[in-house]
Amino acid sequence: MADTLQKLETVIRERRVGDPALSYVAKLTAKGRPKIAQKLGEEAVETVIAALSGDRAATTSEAADLIFHLGVLLADLDLSFDDVLAELERREGISGIAEKADRAKD
Ligand SMILES: N=c1c2ncn([C@@H]3O[C@H](COP(=O)(O)OP(=O)(O)OP(=O)(O)O)[C@@H](O)[C@H]3O)c2ncn1[C@@H]1O[C@H](COP(=O)(O)O)[C@@H](O)[C@H]1O
C-alpha cells in the first residue's frame, strides 16, 4: 500500500512542472492552490454521495480520486504522504474519545 502512495507521490512531483497540455497534475497545479483545494472538496463530496448510495465500486473509485487530489494538494505545500503517515503513527493507540476529552481541558 505504502509503495503505491510513494509511486503516486513521485509522479505527482514530476508532473507538477510538466506541460499542462499533456498532464492533468500540471494543469491543475497551474490553476493554483485554491483550485486544487476546491477539487479535493468536490471529490470528498462525491465520495460521500457514493458511500451513502451504498455503491461500493463507485465509493472505491471516488476514494481513489480523493486520495489522488489530496496528493496534489500535499505536494503543493511540499508535504508528503509520509508526513501524514507519521502523524497517523503518532496517534496510534490514542483513543479518539480520550484525545478529544484532553483537548477540551485546554
Ligand atoms: N490518479 C490519478 C488520477 N485520478 C483522477 N485523475 C484525474 O482527475 C480529473 C478529475 O476529474 P474531473 O472530471 O472532476 O475534473 P475535470 O473536469 O478535468 O476538471 P474541472 O474542469 O472540474 O476543474 C480527471 O481528469 C481524472 O482523469 C487522475 N489523474 C492522474 N492520476 C495519476 O497521476 C499520474 C500523472 O497524471 P498526469 O499529470 O495527467 O500525467 C497518472 O499517471 C496517475 O497515476
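Colleague: Which residue just after α3 takes a positive phi?

Modeller: That is G54, with a phi of about 75°. Keep in mind that this is a predicted model.

Colleague: Thanks! Staying with α3, how do I read the length of a helix?

Modeller: The idea is to compare an expected span with the distance between the end C-alpha atoms. Helix α3 covers residues 33-52, and at 1.5 Å a residue its 20 residues should span 28 Å. Its end C-alpha atoms are 29 Å apart, which agrees.

Colleague: Now the helix packing. At roughly what angle do the axes of α1 and α4 cross?

Modeller: For a helix pair, look at the distance between the axes, then the angle, then the hand. Here the axes of α1 and α4 come within 10 Å and cross at roughly 55°. As for the hand, the crossing is right-handed.

Colleague: Which residues make that contact?

Modeller: From α1 come L8, E9, I12 and R13, and from α4 come F68, G71, V72 and A75. Sorted by class, this contact has 5 nonpolar, 1 polar and 2 charged residues.

Colleague: And which residues surround the ligand?

Modeller: Read a ligand shell by listing its residues, then asking which elements supply them. The ligand here is surrounded by L8, V11, R15, S23, Y24, V25, A26, D65 and F68. At least two residues of the shell come from each of α1 (2-15), α2 (24-30) and α4 (56-76).

Colleague: How many of the shell residues are nonpolar, polar and charged?

Modeller: The shell around the ligand has 6 nonpolar residues, 1 polar and 2 charged. Notice that L8 and F68 belong to the shell and also take part in the contact between α1 and α4.

Terms used:
Residues numbered from 1 in each chain as written. Predicted model: local features only at pLDDT ≥ 70, side-chain atom pairs only at ≥ 80, totals over all residues. Near = placed C-beta within 6 Å. Helix = DSSP H or I, 4+ residues; strand = E, 2+ residues; numbered from the N terminus. Nonpolar A, V, L, I, M, F, W, Y, C, P; charged D, E, K, R; others polar. Axes fitted to C-alpha atoms, helices over the stretch in contact; angles between N-to-C directions. Left-handed = near helix turned anticlockwise from the far one by under 90°. Contact = placed C-beta atoms within 7 Å. Expected span 1.5 Å × (residues − 1).
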